[in-house]
Amino acid sequence: MQPAAEARQRIARLSAHLNPTNSQMEVNTMLERVDCRAKGGSPGFKVAILGAAGGIGQPLAMLMKMNPLVSVLHLYDVVNCPGVTADISHMDTGAVVRGFLGQQELEAALTGMELIIIPAGVPRKPGMTRDDLFNINAGIVKTLCEGIAKCCPNAIVNLISNPVNSTVPIAAEVFKRAGTYDPKKLLGVTMLDVVRANTFVAEVLGLDPREVDVPVVGGHAGATILPLLSQVKPPCSFTPDETEYLTKRIQDGGTEVVQAKAGAGSATLSMAYAAVKYADACLRGLRGDAGVVECAFVASQVTELPFFATKVRLGRTGAEEVYQLGPLNEYERVGLEKAKKELATSIQKGISFIKK
Ligand SMILES: NC(=O)C1=CN([C@@H]2O[C@H](COP(=O)(O)OP(=O)(O)OC[C@H]3O[C@@H](n4cnc5c(N)ncnc54)[C@H](O)[C@@H]3O)[C@@H](O)[C@H]2O)C=CC1
Ligand SMILES: O=C([O-])CC(=O)C(=O)O
């Protein structure tokens with residue numbers, strides 16, 4: 001018997017042992033993986049990038065094509081997607097790449113996907129805040145999330161488009177309206193704040209950034225970005241000047257890049273790196289790896305706000321555990337109050353955009 005046919009039979013026999021509430025979905029996913037492998041694709045997950053031809057999207061697509069956990073990679077954009085897809089598809093890695101161009105191909109891009117990464121939308125120019133992007137990006141995120149609710153309601157969503165503090169509440173409202181909202185599956189990507197914090201703290205400590213772990217909580221804009229320098233691993237201490245310098249530099253990291261690019265956009269390469277680091281953690285969680293913990297902006301009961309970024313444990317169903325803040329020092333307690341005030345407004349703005 002052909003290996004694929006045999007694998008199909010084995011999965012059919014296994015289905016009797018699966019959790020009855022999930023069984024059909026799990027069997028279908030397994031069967032799709034077998035078919036993909038039979039066609040020459042690698043075993044792994046199906047991932048779509050929406051906004052794949054952009055500054056973040058292109059290097060993100062390249063890095064996801066290199067990720068051994070990805071079997072199928074769908075690239076969607078409203079412009080330039082065929083070129084990016086042809087280019088990426090020549091890489092001799094396992095993932096099968098397909099391109100989708102324009103709204104009429106959105107449903108095909110999304111159907112069957114298990115992880116959706118969204119870097120679609122306009123970036124900042126010098127002098128702008130992330131909130132200045134709201135008017136354009138809110139509508140883009142709404143449309144894309146309506147497609148997700150319809151075509152792949154069980155997928156994990158990694159939302160990158162700014163302002164994240166408002167786009168995540170927008171996505172939640174769209175999914176609620178569609179009756180598909182699962183708070184564990186909607187993750188605002190704040191990984192770049194952690195990546196920057198690890199880098200800048202390592203510089204001050206004279207360490208390799210790969211050895212440093214800085215929790216960054218709150219949200220993803222200015223004062224809402226709150227690095228918890230009292231909880232850095234390996235344990236260390238900072239002078240008040242160092243704390244002030246590091247906190248400001250981490251909070252203003254995005255603006256530092258926007259100014260250096262002088263009108264040509266915002267962080268793309270470090271963001272693609274951070275997005276892949278985060279997506280890889282999500283896929284390891286989906287695979288069932290234990291102890292996968294990263295920060296993200298999620299539905300939360302850690303504070304009185306409905307969304308907040310903290311460390312979360314990623315598992316087979318998404319953000320399975322949202323961790324508490326842990327002990328804060330006085331500097332961080334003051335920062336937290338400031339962050340919460342700004343966050344409350346941004347979250348409400350996102351919710352009102354859908355409820356209006
Ligand atoms: N969460 C984070 O840490 C970060 C978020 N960002 C945000 O990511 C977003 C993208 O940034 P860049 O890639 O630099 O911008 P970009 O302008 O280079 O690329 C955006 C892409 O989105 C596409 N797009 C626009 N409307 C779309 C739609 N309706 N459907 C699908 N694709 C659509 C565009 O055609 C373009 O290819 C911005 O909102 C930016 O502020 C950027 C850096 C860090
Ligand atoms: O600053 C921006 O506009 C892009 C962004 O979110 C970041 O680099 O953190």
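This is a predicted model: local features need pLDDT of at least 70, side-chain atom pairs count only at pLDDT 80 or more; totals for chains, interfaces and linings use all residues.

The space taken by ligand 2 is the second largest pocket. A pocket here is an open set of points on a 1 Å grid over the protein atoms alone, where a 1.4 Å probe fits, with protein on both sides within 12 Å along at least five of seven lines. A molecule sits in one if more than half of its atoms lie within 2 Å of the grid points.

Residues are numbered from 1 along each chain as its sequence is written, chains are lettered from A and ligands numbered from 1 in the order in which they are written, and side-chain values use heavy atoms, with hydrogens and water left out.

So who surrounds ligand 2? The shell consists of Arg-124, Arg-130, Asn-162, Leu-192, Arg-196, His-220, Gly-254, Ser-266 and Ala-267, where being near takes a heavy atom within 4 Å. Sorted by class, that shell has two nonpolar, four polar and three charged residues. For the classes, Ala, Val, Leu, Ile, Met, Phe, Trp, Tyr, Cys and Pro count as nonpolar, Asp, Glu, Lys and Arg as charged, and the others, Gly among them, as polar.

Ligand 1 has 29 residues around it, and Gly-55, Ile-56, Asp-77, Val-122 and Asn-162 come nearest. Its shell holds 18 nonpolar, 10 polar and one charged residues. Helix H6 (134-151) and strand S2 (70-77) each supply at least two residues of that shell, and H6 gives the most, with three. Helices (H or I, at least four residues) and strands (E, at least two) are DSSP runs, numbered from the N terminus.

| Residue and part | Ligand atom | Distance |
|---|---|---|
| Arg-124 side chain | ligand 2 oxygen | 2.6 Å |
| Arg-130 side chain | ligand 2 oxygen | 2.9 Å |
| Asn-162 side chain | ligand 2 oxygen | 2.8 Å |
| Val-122 backbone | ligand 1 oxygen | 2.9 Å |
| Ile-160 backbone | ligand 1 nitrogen | 3.1 Å |
| His-220 side chain | ligand 1 oxygen | 3.0 Å |

As for cover, the protein takes up 86% of the 860 Å² of accessible area that ligand 1 has on its own. For ligand 2, the protein covers 95% of 260 Å². These accessible areas come from the Shrake-Rupley method with a 1.4 Å probe.

Now for the backbone. Asn-162, a neighbour of ligand 2, is joined to Pro-163 by a cis peptide bond with omega about -5°. Pro-163 is found in the loop between strand S5 (156-159) and helix H7 (164-178).

Where does the peptide bond from Lys-233 to Pro-234 stand, cis or trans? That bond is cis, with omega near 0°, and Pro-234 lies in the loop between strand S8 (225-227) and helix H9 (240-251).

Finally, Asn-80 has a positive phi of about 55° although it is not a glycine. Asn-80 lies in the loop between S2 and helix H4 (81-89).

Conventions. A polar contact is a pair of N or O atoms within 3.5 Å; within protein, one must be able to donate a hydrogen and the other to accept it, and residues adjacent in sequence count only if both atoms are side-chain atoms. On a 1 Å grid over the protein atoms alone, a cavity is a set of points where a 1.4 Å probe fits but cannot get out, and a pocket is an open set with protein on both sides within 12 Å along at least five of seven lines; lining residues have an atom within 4 Å of a point.
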